[in-house]
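Q: I am new to this structure and would like to go through it step by step. Could we look at it together?

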Amino acid sequence: MIKKILIANRGEIAVRIVRACAEMGIRSVAVYSDADRHALHVKRADEAHSIGAEPLAGYLNPRKLVNLAVETGCDALHPGYGFLSENAELADICAERGVKFIGPSAEVIRRMGDKTEARRSMIKAGVPVTPGTEGNVADIAEALTEGDRIGYPVMLKATSGGGGRGIRRCNSREELEQAFPASSPKPPRPSVRRKYSWKNASSIPSTSRRRSSVTALATWCICSSAIARSSVATRSSSKSPQVRS
């Protein structure tokens, strides 16, 4: 049974977790930078602790956050979403220090962080996926071959490094040839390989949201991930926090 949770996030995300903790009888520990010291999540949590003057650095330091969880007697850490919620290192450090990570295991985070590997995992698990390549494609010639095999339209998408800006819908071979070199948001360094893979786009709703993870490699693929977010209305808590610097 979890008794105390450190919330490694801020703002409305943290406030919702604080409310859920209050409903479940779990003590909550908020963290804040100097810029967030008067934020609502700081006031609503049972405890609040400073993670430094920098606006973002503290929220992105997994070792510091887990150490604080241990120091404050927390037996679990909730990352919220954004920040380190998809960071495998945070999950690893939690396991190392004996703190429950409220989220998927580090192995799953790593696997899902790469779109090609995520697709392979879904296929292996028997989850239906749209037609596409089994892995990345090396050059435009292979891309054209795969496009003909899969059927147009296809989506050109970064497996990582695109920042959400590299996605292209290609309705024909001509559009594919034009989009292939233009898919990268910035020219890759000579030492960085560009890889592509493809997915049929005819069954993807135009209203789907698409995202990509950001890494140092300019690695590309065709894919689309629809993201649905839902919010749950929770009761507000009137507890006063113990704010500590």
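Q: Is β2 mostly covered or mostly uncovered, and how many of its residues are buried?
A: This is a predicted model. In it, β2 is mostly covered, with 5 of its 6 residues buried.

Q: Which way do β1 and β2 pair, parallel or antiparallel?
A: The two strands, β1 and β2, pair in the parallel sense, over 4 bridges. Between them the chain passes through helix α1, residues 11-24, and this β-α-β crossover is right-handed.

Q: And how many bridges join β2 to β3?
A: There are 4 bridges between β2 and β3, and these strands run parallel. As for individual residues, Ala-30 is opposite Ala-48 in β3.

Q: Let us turn to Lys-4. Where is it placed?
A: Lys-4 belongs to strand β1. Its bridge partner in β2 is Arg-27.

Q: Does Lys-4 count as buried or exposed?
A: Lys-4 counts as buried, because its relative accessibility is 13% and the cut-off for buried is under 20%.

Q: Which side chain does the side chain of Lys-4 join in a polar contact?
A: That of Glu-47, through a polar contact of 2.7 Å. Leaving aside residues up to four places away in sequence, Lys-4 also touches others, including Ile-26, Val-29, Thr-72 and Asp-75.

Q: Moving on to helix α3, which of its residues are buried?
A: In α3, which spans residues 62-71, the buried ones are Pro-62, Leu-65, Val-66, Leu-68 and Ala-69. Viewed down the axis of α3, they fall within an arc of 155°, so they line one face of the helix.

Q: Why would residues three or four places apart point the same way in an α-helix?
A: Because an α-helix has 3.6 residues a turn.

Q: What do the buried residues of α3 pack against?
A: They pack against the strands β1 (4-7), β2 (27-32), β3 (47-50) and β4 (76-78), and against helix α4 (88-97). Just after α3 comes Gly-73, with a positive phi of about 75°.

Key:
Residues are numbered from 1 along each chain as its sequence is written. This is a predicted model: local features need pLDDT of at least 70, side-chain atom pairs count only at pLDDT 80 or more; totals for chains, interfaces and linings use all residues. Side-chain values use heavy atoms; hydrogens and water are left out. Buried means under 20% relative accessible area, exposed over 50%, partly exposed in between (1.4 Å probe, protein chains only). The arc is that of the directions from the helix axis to the C-beta atoms. Contact means heavy atoms within 4.5 Å. A polar contact is a pair of N or O atoms within 3.5 Å; within protein, one must be able to donate a hydrogen and the other to accept it, and residues adjacent in sequence count only if both atoms are side-chain atoms. Two strands pair if DSSP finds at least two bridges between them. A crossover is right-handed if, with the strands pointing away from the viewer, the path from the first strand over the helix to the second runs clockwise.
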